[in-house]
Each structure stands twice: as C-alpha cells, then as structure tokens.
Amino acid sequence: RVDEWTDVDRKRVMNDIITTMFNKKFMEELFKPQELYSKKALRTVYDRLAHASIMRLNQASMDKLYDLMTMAFKYQVLLCPRPKDILLVTFNHLDAIKDFICDSPGILNQVDETFRQLIETYSCLSAGEFQLIRQTLLIFFQDMHIRVSIFLKDKVQNSNGRFVLPISGPVPWVEEVSSENQMFDHNGDEVKRTEFTTDGNYVTPQREGSFDLYGDRVLKLGTNMYSVSRPVETHMSGSSKNLASHAKENIVPNPLAKEELNFLARLLGGLEIKKPGGSETGFRLNLFTTDEEEEHAALTRPEELSYKVINIEATQ
C-alpha cells in the first residue's frame, strides 16, 4: 500500500535507486575479487539501496521485502538447469531493469556498462568455475526457508519453506535426453554403459539463451514473477521460527569485523540516501494491508532475524 503514489513518483524512485545501484564506484567494488560477505553486510547494502530515493520503508516492511528478494533469488539459482545459467538469470534481471529506465539514456548507459563488465568477466569461465559460484550462493542461502505466497500457490515451495525440484522438463543445453549411465577411463574411452528408468518426462531444449548484450535469454528464471497479478506475502516457516528462538548472537569478537566494516565503508561510499527537500515529505511503502498489520509484524518478528541498519560515514 502506498499513499498518493503516481506514475511520476514511481519513475523517479526507480531512476534514483537504479542510478545508485549502478554507480561506477559501487560497481568497481563489487567486481573486485573477494570472499562472499556476510548476511548482515548484504542486508546493510540492501537497506541503503532501498532508501536511495525519497521512498521509505519501516522495519517490518523492509524485512518482508528482503525476505521476498532473498527467497526469489534462491529459487532462481536452485532451479538453474546448468551452473552457467545463473549468468542468464542475471541478464534477465538487467533486461528488466533496462525496461524501467528505457527513456533515460544516461542511466541506461550505466546499466549497459555493467552488462559489458559481466560479459567480459564471466562469459569465459568454465562449467566447473560456474558450479563453484552456484554452490557458494546456495550455501549462503541454505538456512533460509521463508515461505512466500506466490511460491506456495504455484506449488514450487512446500509448507516448510523448502523448494520443490521438478522431475520433468527440458534438460540442460547441449545435454541429450538419455536413460543411460556412461563410465569412462582416464583416457576418456568408454568402458561401461548401464540403463536406468526415470519418472520424469524430459525434452531437449530448442536453443541456448543469448549471452550477448541484447538477445533472447530463453530461460525464464529471473523474469517478472508477478506477470499474473497476485498478492505479495511472506511467512516465517515453522522450522525458521524454531531456529530463530534458539539462535543467539555470537558474543566472541570477530577478528574480521573491522575488515568487514572497512569493506562496507568502501561499498557504501557511492550509496547516498536521498532526503526529501523543501516541502517534500517523501513516500512510505507499506508491504502489509494495513498499518496495524505492519506494526504487529514488527513486534512479533524474532529479533535474530531483524537486521539493524549500520550507518557508516564513507564520504572520504
């Protein structure tokens, strides 16, 4: 629910957020070789991005938006037919972003530049390297089992928050539909072949998705989940509640804490929160039906799963 929300406001907010997200300094930091950072660091960056315009979210709505984002991305990575397809998922994200700012050439150029960097950095990686990236991402998300209404209604998520992997559909590109296991020796010569039965119906994909700046990605993961209108809801699964009730912040000082804060300072240097100027009051985005629901969600949210915003002065 949004108070007095217009198309002009929506366009302004999207332009502000996308401009900040694809800031040159921010992208330079993201593309530097580095270890995957913590969930708290990700949440801090996400809070900054969400507030890069005059739009404001209360803690409960921000938690809900973050849950939706993380579970949607986890679903997309989990269901990629092959590891390299996580790049196609990313391209679907960028294609959608470009549609938002198609009449703003300056911002569009920022996004296209990031697109080119992605192609240059990742298109040459081997299947094994993409598998390591995919595995790293899934390890990051493995303990997140937040139930999302759109996934529950489409029966791609169980009531415990775990996703359902389909046993039918297209096989990965270049693969053949087969019910045989082949074994090879160290020289690459086939030494044994056995057959097995499957319960799924598999088909060969018609073509590979495009990895170019413009093209048909073929893969639908990463496209708009809400092409059919549905209410947006997220629920804490029972297992997550139990984990949250027993989870405690580690009181042992983390030797990497200072390094992580320094990293965040560099990362957030280009992420400036815009404050309404003059007579502007800004816009408050509420992802709940009523203010009362939002307040109740904030009170009942386990403290361990609500992330505090870390404000870092990084202008120097």
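**Reading contacts, burial and rings**

Q: Leaving aside neighbours within four places in sequence, which residues is Ala50 in contact with?

A: Contact just means heavy atoms within 4.5 Å. With those sequence neighbours set aside, Ala50 touches Ile17, Met55, Leu57 and Met62. Keep in mind that this is a predicted model, where local features need pLDDT of at least 70, side-chain atom pairs count only at pLDDT 80 or more, and totals for chains, interfaces and linings use all residues. Residues are numbered from 1 along each chain as its sequence is written, and side-chain values use heavy atoms, with hydrogens and water left out.

Q: Is Ala50 buried or exposed?

A: Buried means under 20% relative accessible area, exposed over 50%, and partly exposed in between, with a 1.4 Å probe and protein chains only. Ala50 has 8%, so it is buried. You'll find Ala50 in helix α3, residues 39–50; helices are DSSP runs of H or I with at least four residues, strands are runs of E with at least two, and both are numbered from the N terminus.

Q: And where does Asn92 lie?

A: Asn92 is part of helix α5, residues 85–100. Asn92 is buried too, at 7%. Beyond four places in sequence, the contacts of Asn92 include Arg217, Leu219 and Thr223.

Q: How many aromatic pairs does a search of the whole structure find?

A: Rings of Phe, Tyr and Trp (its six-membered ring) pair if their centres lie within 6.5 Å; planes under 30 degrees apart count as stacked, over 60 as edge-to-face and the rest as tilted. Here the search turns up eight such pairs. In one of them, Phe91 and Phe115 have ring centres 4.6 Å apart and planes at 35 degrees, so that pair is tilted. Phe91 sits in α5 and Phe115 in α6 (residues 105–122), so the pair ties together parts 24 residues apart in sequence. Phe91 is buried at 0%, and Phe115 is buried at 0%.

Q: What are the planes of Phe151 and Phe163 doing?

A: Their planes are at 80 degrees, with centres 5.4 Å apart, so this pair is edge-to-face. Both Phe151 and Phe163 are buried. Elsewhere, ring pairs link Phe73, Phe140 and Phe141 into a cluster.

Q: Which ring does the charged end of Lys84 sit over?

A: A charge sits over a ring if NZ of Lys or CZ of Arg is within 6 Å of the ring centre and within 35 degrees of the ring normal. For Lys84, the ring is that of Phe211, with the charged end 4.5 Å from its centre. Arg43 does this with Tyr66, at 5.0 Å from the ring centre.
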